[in-house]
Amino acid sequence: MGGNSPCASCKLLRRRCTKDCIFAPFFPSDEPHKFAMVHKVFGASNVSKMLQELPLHQRADAVSSLVYEANARMRDPVYGCVGAISYLQNQVSQLQMQLAVAQAEILCIQMQQEPALPEPQMDADDKSFVVHNELSSMAQFMNHPSTSNVPQEALKREYPWT
Ligand SMILES: [Zn+2]
């Protein structure tokens with residue numbers, strides 16, 4: 001055994017762990033399950049090839065992503081980590097929709113509470129008047145999207161494929 005105990009990979013593969021073993025830095029003998037999973041999903045020789053193609057400083061990241069992917073594939077044999085990604089993407093878009101609805105509700109409540117100003121105030125309130133106007137046109141757009149006053153010509157100029 002050459003004095004040192006073999007890394008998790010060499011132990012599982014029942015081979016001598018040399019001092020330039022490509023797995024040794026990433027698969028220590030006290031975490032045998034990590035290599036066992038990666039070996040089961042990807043195969044030891046594929047993992048070895050993948051690591052050899054990478055510069056030294058990127059190998060640790062590659063190993064942790066391989067471990068993550070193997071883990072996901074074991075838990076979900078059909079979708080693997082794609083299952084986790086699409087679940088999270090779904091959650092993100094649901095939350096974005098909830099956020100947009102909440103923001104629209106806030107705008108509507110603000111519009112109901114503030115009556116439209118008849119005249120722009122000439123003193124320090126210039127900015128709030130502009131913001132107020134933007135809010136009211138946004139609220140209009142949300143309440144009556146079909147009668148929005150966005151000119152169709154402008155849309156065509158911005159999106160020539162429509
Ligand atoms: Zn080894």
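## Overall layout

Helices (H or I, at least four residues) and strands (E, at least two) are taken here as DSSP runs, numbered from the N terminus. By that count the protein chain has seven helices and zero strands, so the pattern along the sequence is simply α-α-α-α-α-α-α. Residue numbers start from 1 along each chain as its sequence is written. Keep in mind that this is a predicted model: local features need pLDDT of at least 70, side-chain atom pairs count only at pLDDT 80 or more, and totals for chains, interfaces and linings use all residues.

On confidence, pLDDT is the predictor's own score for each residue, from 0 to 100. Its mean over the protein chain is 82, with 68% of residues at 70 or more. Over residues 145-162 it is below 50, and that stretch has four contacts in the model beyond near neighbours in sequence (a contact means C-beta atoms, placed from the backbone, within 7 Å).

## Burial and the nonpolar core

A residue is called buried if 20 or more other C-beta atoms lie within 10 Å of its own, exposed if 12 or fewer, and partly exposed in between, with C-beta atoms placed from the backbone. Of the 162 residues in the protein chain, 10% count as buried.

A nonpolar core is a set of buried Ala, Val, Leu, Ile, Met, Phe, Trp, Tyr and Cys residues joined through C-beta atoms within 7 Å. The largest one has 13 residues, and Cys7, Phe23, Phe27, Phe35, Val38 and Leu66 have the most contacts inside it. Helix 1 (8-13), helix 2 (32-42) and helix 4 (56-75) each supply at least two of its residues, with helix 4 giving the largest share, three.

Cys7 touches Cys17, Cys21, Phe23, Ala24, Phe27, Pro28 and Ser29, leaving aside neighbours within four places in sequence. Over in helix 4 sits Val63, which counts as buried because it has 21 C-beta neighbours inside 10 Å. Val63 and Phe27 are 36 residues apart in sequence but 8.9 Å apart in space, C-alpha to C-alpha.

## Helix 2 against helix 4

Helix 2 and helix 4 pack at about 70°, with their axes 9 Å apart. That makes the two roughly perpendicular (65 to 115 degrees). From helix 2, Lys34, Met37, Val38, Val41 and Phe42 meet Leu66, Val67, Ala70, Asn71, Arg73 and Met74 of helix 4.

## Helix 5, out in the open

Helix 5 (residues 80-113) has 34 residues and reaches 51 Å from first C-alpha to last, close to the 50 Å expected at 1.5 Å a residue (1.5 Å times one less than the number of residues). The number of its residues that are buried is zero, so helix 5 lies largely in the open.

Note on methods:
Two residues are in contact if their C-beta atoms, placed from the backbone, lie within 7 Å. Axes are lines fitted to C-alpha atoms, for helices over the stretch in contact, and angles run from 0 to 180 degrees between N-to-C directions. Angles under 35 degrees count as roughly parallel, over 145 as roughly antiparallel, 65 to 115 as roughly perpendicular and the rest as oblique.
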